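Hi there,

Here is the structure I promised to pass on. Have a look at it first, and then read on for what turned up in it.

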Amino acid sequence: MSASNSTETILFVDDNQALQRSVERLLRVEGFQVILADDGTAALNILNKEGVPDLIISDVAMPNMDGFELFEEVRQRAEWLNVPFIFLTARDQMKDLRQGYELGADDYLIKPFEQERLLLVIRSKLKRRAELQEHLNVQQAAIDAAKRELSMMVAHELRTPLVSITMVTDILSREFDRMEVNQAKEMVEMMHSGSVRLNRLVEQMVMYVQLTSGALLTAIQSHLRPSYMREAVIGAVDRARQFSYRQQDIPLRYDEHDPDAQIMGDLAALKHALAELLSNAMAFSTPKNEIEVVQWSADHRVWLTITDQGPGIEPEHLARVFEPFYQANRTHYEQQGIGIGLALSQGIIQVHGGTLELKSRVGVGTRATVSLPIWTKA
């Protein structure tokens, strides 16, 4: 390797010694580090010993291992996939050009080539590789940050109720005989709220794994039964108040315009989907802000809207609320959970052939609109 200070290294593979020397001189003058190999076998040995270069230029016709065989070996290694690979071929071997491009080569140079053409191709491929690497670095940094945030969020959501339950049981075991009834009752309520929160989190995670694996679809299809929509709504309200243990006094009005409307579905799964929507509405409401739930039938579907008078969701966040683990302004609103409630709701409703839409205005509130196919007796 050259003593050049350039960090860009080019592996040049060709059995023509004169061409090797000529290209080496040119590239070193231009500030590149150059590694030479006489054939594909020698090139592979160099790659395994000295690491990955920034670019590979290889002749096609060579003894022992030709350029095409070298290319296929290089592309089989994941750590070498992003290295630009340029083929060389003589003018009387133009048939090789098509084969090289079909293999996935980045470019082709025809011998004899002009020095300016060679340098232009090299610089353009290196520039493109640098741009792609920068893009990958940015993406990887974002992924790493998301992983850290997600792991911290999950750990917090699991640890918080466990800590409260452990603390309460410890106090009860030591102080129960000296406690007044009201104190003991308060301790039990704390333990209960922690267990409800933990149970919901575990249930969400289990259902999300089932949803993404396809197991939930199979389970729902095996539990399809005709049910009144009002049963799903009333059951969802009860569950939502359990989920929102800190917001159980939020007023809610349920207007049924078609109480006899029926749907075909898994009632337990639908209750969970609607409960996630209702608990979200409760989380962003106060005792002064009534949540309005309206149900009606039209166009062979049962419709349900859940409207709150909360702070609303900014447009840039609204576009992402159905993404798993995404939470808008988590620290500002001190949200609970890990951000998969809406993704679960949408998935469950879609499995039932339904739709879920969210509309919101900042400072006004948010409305979730659910529609499901209506069921009628044959």
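A word on naming before we start: helices (H or I, at least four residues) and strands (E, at least two) are DSSP runs, numbered from the N terminus. Please also keep in mind that this is a predicted model.

Is Ser-371 buried or exposed? Its relative accessible area is 1%, so Ser-371 counts as buried, the cut-off for that being under 20%. Two polar contacts of its side chain are worth a look on your screen. One goes to the side chain of Arg-301, at 3.1 Å. The other joins Ser-371 to the side chain of Thr-355, at 2.7 Å. If you set aside the neighbours within four places in sequence, Ser-371 touches Arg-301, Val-302, Trp-303, Ile-349, Gly-354 and Thr-355.

**The sheet**

Next, the strands. Five of them form an open sheet with mixed pairing, in the order E7-E9-E10-E12-E11. Strand E7 (252-256) and strand E11 (355-361) are the edge strands; each has a single partner strand, so one side of each has no neighbour in the sheet. On average, neighbouring strands here are turned by 15° against each other, direction ignored.

Helix H8 (residues 229-243) touches E7, E9, strand E10 (301-307) and strand E12 (365-373), and its direction makes about 175° with that of E7. Helix H9 (residues 267-283) is in touch with E7, E9, E10, E11 and E12, and the direction of H9 makes about 25° with that of E10.

**A pair of helices**

Finally, how do helix H6 (residues 181-213) and helix H12 (residues 341-351) cross? Their axes come within 10 Å, at an angle of roughly 45°, which means that H6 is oblique to H12. The crossing of H6 and H12 is left-handed. On the H6 side, the contact is made by Gln-204, Met-207, Tyr-208 and Leu-211. H12 contributes Gly-341, Ala-343, Leu-344, Gly-347 and Ile-348.

Notes: Residues numbered from 1 in each chain as written. Predicted model: local features only at pLDDT ≥ 70, side-chain atom pairs only at ≥ 80, totals over all residues. Heavy atoms only, no water. Pairing = 2+ DSSP bridges. Axes fitted to C-alpha atoms, helices over the stretch in contact; angles between N-to-C directions. Contact = heavy atoms within 4.5 Å. Buried < 20%, exposed > 50% of the residue type's maximum accessible area, 1.4 Å probe, protein only. Polar contact = N/O pair within 3.5 Å; in protein donor to acceptor, adjacent residues only side chain to side chain. Parallel < 35°, antiparallel > 145°, perpendicular 65-115°, else oblique. Left-handed = near helix turned anticlockwise from the far one by under 90°.
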